[in-house]
Amino acid sequence: MNEVGKQLKKGVIEILILELLSGEKMYGYQLIQELDLRSGGVFRMKEGTLYPVLYRLEDSKYIESFWEQDMERRSVPRKYYRITPSGLAALQGMKRELDTLFTAIRAILT
Amino acid sequence: MSKIDNYVNEVLDCIIADNDMKRRIASDLTLQLNEAARAEDIDDVLERMGTPKEVAKEFMDSIYENKSELFDEIIAERKQEAVFSKRVLEYKSKTTVMGIPLVHIKLSRYGKPAVAKGIIAIGTFSVGVISIGAIPVGLISIGGLALGVISLGGLAVGLLLAMGGVAIGALALGGIAVGLGAMGGVAVGEIAIGGVSRGTVAIGANPTGQYRLLTHHIGAETRSQVEELIRTAFPKLPDWIINLFKGLDITIGETR
């Protein structure tokens, strides 16, 4: 992907992470896998890109992390992330912004 | 140390960030690698991730994506460096008391004199509660030419107390002391004690005044004489002032 593509991806990555977490709690590795799978490999994120985004979202109180252990399947605890009420509200706002942006871009490009 | 720990440490070595951020990255990266290693071979995972330098660069790119705060810090640091490299060395504390900086240091290296104003002021000229400098003015002033309520300096002028080479004040102590109460090599005052003393009450090796006590030592043996002399000259003088003088233990000039 060229530089423009990378920049465009960076612009929406927070929205995508919040969207995924609005459906269910996820751990870091799972987020990388889901983004890759659902985007057909377009959003194949590196750890160095994902975690700083998670830190920003966590510092903004849009998501929160917690440790959980699945006793039936594995003994090692995992660090999960879940969206907060303010994260949900922010996600709605971001989606509206994205809609506005897409509409404007389409109007120009078509 | 495991391959994962080694890899994470190498990544951290290449990252410029505060310790909290480094701890955060170390913890999450270790978790991530351990998680990935359950599904595939750790060597494959590390190869896919790239070299530690590449991973560190990704983190740095993302951490400092919004660089405005970082730039603000750099600009502030640069500004401070610029101030220090110029003619005036200045520090002003962010903490203020009634709008006045708690500490203000302003020193001119050369050129025009700098004036420091703060609760604690240090400068060529300084004005403050505690004032230190070549010419300090304040409640407590320490410096070359000190002006204040309590002053210490080469030339000290103090409303209450002055101490210095030349001291002028209500109570003055110095090489040359001038005051209501004066003690020094040369003392001039209402109550003057010194090598050469001149006053209403004059005590010392060479006293001149209405009430004189010729002595080379003030101590236990002269306590009652000093008290009597001062009380005679100033019958209404409070005890605490008299106690200041009669409590002295000093040698004046050469003892014979």
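Modeller: One term before we start: contact means heavy atoms within 4.5 Å. With neighbours within four places in sequence left aside, Leu33(B) is in contact with Ile4(B), Tyr7(B), Val8(B), Ile42(B), Val45(B), Leu46(B) and Met49(B).

Colleague: What ipTM and pTM does the predictor give the complex?
Modeller: The ipTM is 0.81 and the pTM is 0.49.

Colleague: And what is the mean pLDDT of chain B?
Modeller: That mean is 87, and 90% of the residues of chain B reach 70 or more. pLDDT is the predictor's confidence in each residue, from 0 to 100. Where pLDDT is low, the predicted coordinates should not be read in detail.

Colleague: How are helices and strands called?
Modeller: They are DSSP runs, numbered from the N terminus: helices are H or I with at least four residues, strands are E with at least two.

Colleague: Back to Leu33(B). Which residues have the most contacts inside the largest nonpolar core?
Modeller: Ile17(A) and Leu33(B), in a core of 51 residues. Its largest share, 7 residues, comes from helix α1 (residues 3-23) of chain A. Apart from that core lies another, of 15 residues, among them Met183(B), Leu213(B), Leu248(B) and Ile252(B). A nonpolar core here is a set of buried Ala, Val, Leu, Ile, Met, Phe, Trp, Tyr and Cys residues joined through side-chain atoms within 4.5 Å.

Colleague: What counts as buried or exposed?
Modeller: Buried means under 20% relative accessible area, exposed over 50%, partly exposed in between, with a 1.4 Å probe and protein chains only. On that basis, 40% of the 110 residues of chain A count as buried. For chain B it is 35% of 256.

Colleague: Is Met98(B) buried or exposed?
Modeller: Exposed, because its relative accessibility is 79%. Met98(B) lies in the loop between β2 (96-97) and β3 (100-101) of chain B.

Colleague: Over to chain A. What do the buried residues of α2(A) pack against?
Modeller: They pack against α1, β1 (26-27), α3 (47-59) and β3 (78-83) of chain A, together with α2 (19-39) of chain B. The buried residues of α2(A), residues 28-38, include Tyr29(A), Leu31(A), Ile32(A) and Leu35(A). Just after α2(A), Gly40(A) takes a positive phi of about 65°.

Colleague: In what order do the strands of the chain A sheet run?
Modeller: The order is β1-β3-β2, in an open sheet with antiparallel pairing. β1 and β2 (63-68) stand at the edges with a single partner strand each, so one side of each has no neighbour in the sheet. Two strands pair if DSSP finds at least two bridges between them. β1(A) and β3(A) pair over 2 bridges.

Colleague: Which residue is the bridge partner of Tyr27(A)?
Modeller: Tyr80(A), in β3(A).

Conventions. Residues numbered from 1 in each chain as written. Chains lettered and ligands numbered in written order. Predicted model: local features only at pLDDT ≥ 70, side-chain atom pairs only at ≥ 80, totals over all residues. Heavy atoms only, no water.
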